[in-house]
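Morning, everyone. Please look at the screen while I walk you through one chain.

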Amino acid sequence: MHDHTGFKERIDEVLVRLADDEERALLGLHAELTPLSEQLRRSLAQGKRIRAAFLYWGWRAAGQPDCEGVIRAAAAMELVHAAACTHDDIIDDSRMRHGQLTAHAAFAANGQRSTALAMILGDLLMGYAGHVFTSCGLPGAYLARTVPLWSTLLRETMAGEFLEVLRTEARADREPLVAESLEVARFKTAKYTVERPLHLGATLGGGSGALLDAFSGYGLPLGEAFQLRDDLLGTFGDPARTGKSNLDDLRDAKPTALLALTVAAAGPDDRRLLAKLVGNPELCEEEASSVRELMERCGARQRVEDMIRERIGRAEAALILSPMPAEARSALKGLAATAADRSL
């Protein structure tokens with residue numbers, strides 16, 4: 001049984017040391033960089049470390065042993081995630097994450113140029129990811145094998161973000177489509193959350209092509225399930241438990257599968273209600289409740305739950321005949337059960 005709590009503590013230790021080191025370096029440059037170092041530390045303080053876990057188990061599935069070098073390499077994935085979240089929160093103007101102010105909201109609360117400073121922080125975090133990965137202590141020949149994968153991971157993640165922005169802006173011209181929502185989820189979430197971290201870990205460890213193929217069969221459906229769960233949490237989740245608003249996706253008319261299924265199943269009157277409320281930046285809780293009730297009544301919420309369950313089943317099936325040690329297979333099965341089955 002994988003001790004994820006113990007694993008998370010090891011990743012957190014790496015990130016805390018990084019924050020300590022960079023605070024000294026930044027303040028050594030100039031005392032006015034204090035807000036940057038403080039927000040850097042906050043950005044790294046939260047998270048379940050799921051992406052780090054997938055890189056780690058990709059390494060172990062390739063037959064490699066536990067070591068501190070791979071823990072540092074895995075921690076780099078959390079820096080990529082922190083950078084992506086910082087930029088994503090700016091794009092969506094999300095004010096809360098993990099129950100705390102997002103970076104740009106925190107800068108704004110201090111009367112500072114919020115968007116500009118948060119963009120700089122996000123860029124810095126992405127730069128730190130490369131530094132932590134390349135200085136992890138694993139042999140240079142191992143690290144060299146992963147160079148093409150890093151480019152692929154960043155390209156796919158940015159492509160997903162770009163497509164989501166384009167399709168959110170185009171909401172007035174056409175209805176959201178389930179296939180397009182899943183396409184964004186595949187690039188923006190499935191690949192950088194599950195598939196590519198597994199590929200990075202396996203490639204570091206010299207894993208076979210068959211192992212990489214198995215990880216695609218496992219990672220893509222699981223990553224889509226992860227995003228579909230996020231879609232439900234973004235609308236039906238309790239902010240006190242999720243740490244983020246359950247109004248933002250509706251106010252922004254995010255082209256989620258949940259919204260696409262709702263529009264497809266709605267009758268004329270319900271479509272008029274959706275057109276009036278979804279995409280309204282001033283949407284209130286009572287109006288959001290009306291949209292949620294419609295999503296329940298037309299079966300869209302249940303359909304998304306069914307899609308999540310089907311994808312988890314496909315991910316688990318991909319592990320059965322995969323060429324990896326039993327311990328790694330067991331850990332990945334456990335991660336599949338938890339990554340996409342988070343409580344509302």
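Before we start, one term: contact means heavy atoms within 4.5 Å. Keep in mind, too, that this is a predicted model.

Find Leu-33, in the loop between H1 and H2. Which residues does Leu-33 touch, leaving aside its neighbours within four places in sequence? Two leucines: Leu-26 and Leu-27. Leu-33 is partly exposed, because its relative accessible area is 26%, and buried means under 20% while exposed means over 50%. Now look across to Asp-89. Asp-89 and Leu-33 are 56 residues apart along the chain, and their C-alpha atoms are separated by 22 Å.

On to H1 itself. H1 has 26 residues. From first C-alpha to last, H1 reaches 37 Å, close to the 38 Å expected at 1.5 Å a residue. Its buried residues include Phe-7, Ile-11, Leu-15, Leu-18 and Leu-26. What do the buried residues of H1 pack against? Four helices: H2 (34-43), H3, H4 (68-92) and H6 (114-134).

Now jump to helix H17, residues 326-339. Its 14 residues should span 20 Å at 1.5 Å a residue, and the end C-alpha atoms are 20 Å apart, so the two agree. Where do its buried residues point? They are Ala-328, Ala-331, Leu-332, Leu-335, Ala-336 and Ala-339. They cover an arc of only 145 degrees around the axis, which puts them on the same side of H17. Here is the background: an α-helix has 3.6 residues a turn, so residues three or four places apart point the same way. And what covers that side? The cover over the buried residues of H17 includes H1 (4-29), H3 (50-61), H9 (178-204), H10 (209-236) and H16 (300-320).

Next, the rings. How many aromatic pairs does a search of the whole structure find? Five. Take Tyr-56 and Trp-57. Their ring centres are 5.1 Å apart and their planes sit at 90 degrees, so this pair is edge-to-face. The cut-off for that label is over 60 degrees. Both Tyr-56 and Trp-57 are buried. Ring pairs also join these two with Phe-7 in a cluster.

A second pair is Trp-59 with Tyr-142. Here the centres are 6.3 Å apart and the planes are at 50 degrees, so the pair is tilted. This pair links distant parts of the chain: Trp-59 is in H3, Tyr-142 is in H7 (residues 140-144), and they are 83 residues apart. Are the two partners buried or exposed? Trp-59 counts as buried, because its relative accessibility is 2%. Tyr-142 counts as partly exposed, because its value is 24%.

The charged end of Arg-145 sits over the ring of Tyr-142, 4.6 Å from its centre. Likewise, the charged end of Arg-301 sits over the ring of Phe-236, 4.2 Å from the centre of that ring.

Now some loops. Thr-102 is in the loop between strand S2 (100-101) and helix H5 (103-109). Thr-102 counts as buried, because its relative accessibility is 3%. A polar atom of the Thr-102 side chain lies 2.7 Å from the backbone oxygen of Ser-94. Not counting residues up to four places away in sequence, Thr-102 touches Asp-89, Ser-94, Arg-95, Met-96 and Arg-97.

Most residues other than glycine have a negative phi. Arg-49 has a positive phi, near 65 degrees. Arg-49 lies in the loop between H2 and H3, and counts as buried because its relative accessible area is 3%. Ala-253 also has a positive phi, about 55 degrees, although it is not a glycine. Find Ala-253 in the loop between H12 (248-252) and H13 (257-265). Ala-253 is buried too, with a relative accessible area of 6%.

Last stop: Arg-241, in helix H11 (residues 239-242). Is Arg-241 buried or exposed? Exposed, because its relative accessibility is 59%. Arg-241 and Met-158 are 83 residues apart in sequence, and 29 Å apart in space, C-alpha to C-alpha.

Terms used:
Residues are numbered from 1 along each chain as its sequence is written. This is a predicted model: local features need pLDDT of at least 70, side-chain atom pairs count only at pLDDT 80 or more; totals for chains, interfaces and linings use all residues. Side-chain values use heavy atoms; hydrogens and water are left out. Helices (H or I, at least four residues) and strands (E, at least two) are DSSP runs, numbered from the N terminus. The expected span of a helix is 1.5 Å times one less than its number of residues. Buried means under 20% relative accessible area, exposed over 50%, partly exposed in between (1.4 Å probe, protein chains only). The arc is that of the directions from the helix axis to the C-beta atoms. A polar contact is a pair of N or O atoms within 3.5 Å; within protein, one must be able to donate a hydrogen and the other to accept it, and residues adjacent in sequence count only if both atoms are side-chain atoms. Rings of Phe, Tyr and Trp (its six-membered ring) pair if their centres lie within 6.5 Å; planes under 30 degrees apart count as stacked, over 60 as edge-to-face and the rest as tilted. A charge sits over a ring if NZ of Lys or CZ of Arg is within 6 Å of the ring centre and within 35 degrees of the ring normal.
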